[in-house]
Amino acid sequence: MTYLSPLAYLLGIEGAALLRALREGTADRRFVEARIAEIRTLLDTPALAEGVTATDDAISTADVYRAWAPHYDAPGNQMIEVEQPVVRRLLDALPVGTALDAACGTGRHTAYLHQLGHRVTGVDASPEMLAHARERLPDVTFHQADLHRLPIADNTIDTVVCALALTHVPDLTPALTEFARVLRPGGHLILSDAHPLVPYLSPTLPRHNASLLKEHHRPLSTYLTAALPLGFHPHHCEEPTRPHRPLPPSPPPLPTHMTWDLLHWSPEAATTALNGSPLAIVWHFHLEGAQPEPPSPRTTPATMPPCTSNSSHPQA
């Protein structure tokens, strides 16, 4: 059981803002005293006192995506906004061939692969998400299946894309083993996932009947630990960050049933803690065998450091 307290969350945001500002040299006296005063105000606010006790792992991924399927592609999904351009830039540099969109969802990356000229197949475990993908791309083949049991023959794929899905997988190795099986030697694997800092700054929301979806947020080294023994070699790693945006001007009232739309209570702390922090992690691996295609001028050269981020961020 997890007790989700709005007050505790906002105090955490205040602390993250202070630690980040201290590290980055922006914590002047005004900022620090404002945070301390705001913390005192939050502690004295009765509306923030009561939380929700949520049940861990009481709602399945299938339940969540069944409800999310009609709205998944709607504007405003910040994770997709920062992840998608990076994935597309990496795909632009790859040779056209046979592609697999693993955990394709509603087919947003499938559609881009198809547009680039790949012979693409989509696989997802959610029938509701696949229904939207099939409607979007009626001439593409889609299969309902799990990542650890792909309905694809050995050594038949040139490029695998797996986007924002591995957070639902308890162990990376079975999924990456399947990717290695279906890829041809020298094939490419593009992975994206939520950044491990995300759950510390934006906790998982309670859903139906105060249930929490079990998610797996792992250190970046875990991807390498799973990938290297299978013959995958890292070609590129990028950590796209949250855009710098002010909060909307008018704070909403605190709802009777608590949500995490709470940041208006601490707007300066929220923007300091969140803006520019890593939101996603995007990997480009190639499978040992034939040498990978050289990157185009639009991508970062392979001589770059293993991981890059376009902004500094709080350190755990």
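I take contact to mean heavy atoms within 4.5 Å, and I take helices (H or I, at least four residues) and strands (E, at least two) as DSSP runs numbered from the N terminus.

**Entry 1, ground rules.** I am working with a predicted model, in which local features need pLDDT of at least 70 and side-chain atom pairs count only at pLDDT 80 or more, while totals for chains, interfaces and linings use all residues. Residues are numbered from 1 along each chain as its sequence is written, and side-chain values use heavy atoms, with hydrogens and water left out.

I looked up the secondary structure and found 10 helices and 11 strands. Of the 316 residues in the chain, 49% are buried, where buried means under 20% relative accessible area, exposed over 50% and partly exposed in between, with a 1.4 Å probe and protein chains only. Among contacts with a separation of 6 or more, I noted that 79% are between residues 24 or more positions apart.

I asked which residues of helix 10 are buried. They are Ala269, Ala270, Thr272, Ala273 and Leu274, and the buried residues of this helix pack against helix 1 (6-24), helix 2 and helix 8 (198-201). After helix 10 comes glycine 276, with a positive phi near 80°.

The axes of helix 2 (residues 29-43) and helix 10 (residues 267-274) come within 10 Å and cross at roughly 120°; axes are lines fitted to C-alpha atoms, for helices over the stretch in contact, and angles run from 0 to 180 degrees between N-to-C directions. The two helices, helix 2 and helix 10, are therefore oblique to each other, given that angles under 35 degrees count as roughly parallel, over 145 as roughly antiparallel, 65 to 115 as roughly perpendicular and the rest as oblique. On the helix 2 side I listed Arg30, Phe31, Ala34, Arg35 and Glu38, which meet Pro267, Glu268, Ala269 and Thr272 in helix 10. By class, this contact has 4 nonpolar, 1 polar and 4 charged residues (Ala, Val, Leu, Ile, Met, Phe, Trp, Tyr, Cys and Pro count as nonpolar, Asp, Glu, Lys and Arg as charged, and the others, Gly among them, as polar).

I found Leu172, Thr173 and Leu176 in helix 7 meeting Thr222, Tyr223, Ala226 and Ala227 in helix 9. The residues of this contact divide into 5 nonpolar, 2 polar and no charged.

Leaving aside neighbours within four places in sequence, I found leucine 166 in contact with residues including Leu172, Leu176 and Tyr223.

I located threonine 121 in strand 4 (residues 119-124) and checked its burial: threonine 121 is buried, with a relative accessible area of 17%. Its C-alpha atom is separated by 5.2 Å from that of threonine 141, 20 residues apart along the chain. Neighbours within four places in sequence aside, threonine 121 is in contact with Ala99, Leu100, Asp101, Thr141, His143 and Ile152.
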